Amino acid sequence: MKIAIVGAGAMGSRFALMLHQSGNQVILIDGWLENVRALQQRGLQANIDGQHTNVKIPAYDFTQLDQLPDYQADLIIAFTKSNQLDKAFSKVRPLISPQTYVLCLLNGIGHEDILEKYVPVERLILGITMWTAGLTGPGQVTLIGSGNVELQNFDAAGKEFTLKVAEVFSQAGLNPQYSTNVKYSIWRKACVNGTLNCLCSILGCNIGALGKTSQTKALLQTIIAEFAAVAAHEGVVLDQTEVYHHIAQTFTADIANHYPSMYQDLIANHRLTEIDFINGAVWRKGQKYGIATPYCALLTELIHAKEELLK
Ligand code: NAD
């Protein structure tokens, strides 16, 4: 399959590597020049569970897309951060033919509202992934452990191609599962990010430490209730008790020592966060549906204030 991955960061590089090694024609497209130059000059350097691999995968920055005059992707996989998605797709628009499908695996809610501007809903595929990856420098990633991908066509018309993507992912070892309710999984994962990410970032603690505070249970339950109230207006009925327990088990799991990605982006690297597509999306959609979401609103504003303080 001809696959263009838009966003050559940690996850884009992981998927590029696995799909390239299983025989697909993969290219990487990215807006970070230093990263693209490193990929072009040295190849993708990956440390996979302690084993070093170096693979040349064609990489282009947004200004180099004229080097691909007749290129038409079968599939474009979006792997930018949420706040970069719109700009990135405005740049890669020339690569989207009437036959191109777009798969979005970003964390968060509402990316379809952006992608619908660039691809008809019949060719939009949504998903979540439990694979992880870390970017250690331009063109360098550390890949640990395994994961899976859940995906589903946004519109019934896209089912046949989505099943084909699942087959290609299976050959690449990505452990795909065709979902019959990916929207539920997206909202459930957003609840994890909408609690652990922002609370650990604001409180400056890891997941295990968050779990030890006496306020955390009620905070989590209130935030999840806001997500659930808004999700219900989008046809997703979240099981709030199950979602709470799903999140609370991380407090004593292997990842308890882990600082969530938002903490690493914001506090460690002073980068903008994906908050507008997590708690911010719940706040925005809540306003649209007439639902009060004061906790999500406050968390969104606090994270934005921290972004300003650290910029
Ligand atoms: P990433 O930050 O590694 O890369 C995203 C984009 O940011 C890329 O275009 C990258 O080139 C650019 N970027 C990274 N560092 C930069 C820097 N210092 N300067 C300029 N540009 C820079 O993001 P990711 O971890 O690959 O995440 C992509 C999406 O996948 C997000 O929605 C994330 O929430 C989701 N996700 C990530 C993981 C994970 O383990 N990393 C797991 C599941 C889902």
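Which residue has a backbone N or O atom 2.8 Å from an oxygen atom of the ligand? Ala10 does.

Some ground rules. This is a predicted model, where local features need pLDDT of at least 70 and side-chain atom pairs count only at pLDDT 80 or more, while totals for chains, interfaces and linings use all residues. Residues are numbered from 1 along each chain as its sequence is written, and side-chain values use heavy atoms, with hydrogens and water left out.

Back to the ligand. Two further contacts. A backbone N or O atom of Ala133 sits 3.0 Å from a ligand nitrogen atom. For Glu274, a polar side-chain atom is 2.7 Å from a ligand oxygen atom. The protein buries 82% of the 800 Å² that the ligand exposes when taken alone (accessible areas by the Shrake-Rupley method with a 1.4 Å probe).

Now the shell. 22 residues surround the ligand, each with a heavy atom within 4 Å of it. The closest are Ala10, Met11, Asp30, Arg271 and Glu274. The shell splits into nine nonpolar, eight polar and five charged residues. Here Ala, Val, Leu, Ile, Met, Phe, Trp, Tyr, Cys and Pro count as nonpolar, Asp, Glu, Lys and Arg as charged, and the others, Gly among them, as polar.

Where does the ligand lie relative to the domains? Domain 1 (2–180) and domain 2 (183–310) both give residues to the shell, so the ligand lies between them. The bounds come from an automatic or database domain assignment.

Terms used
Polar contact = N/O pair within 3.5 Å; in protein donor to acceptor, adjacent residues only side chain to side chain.
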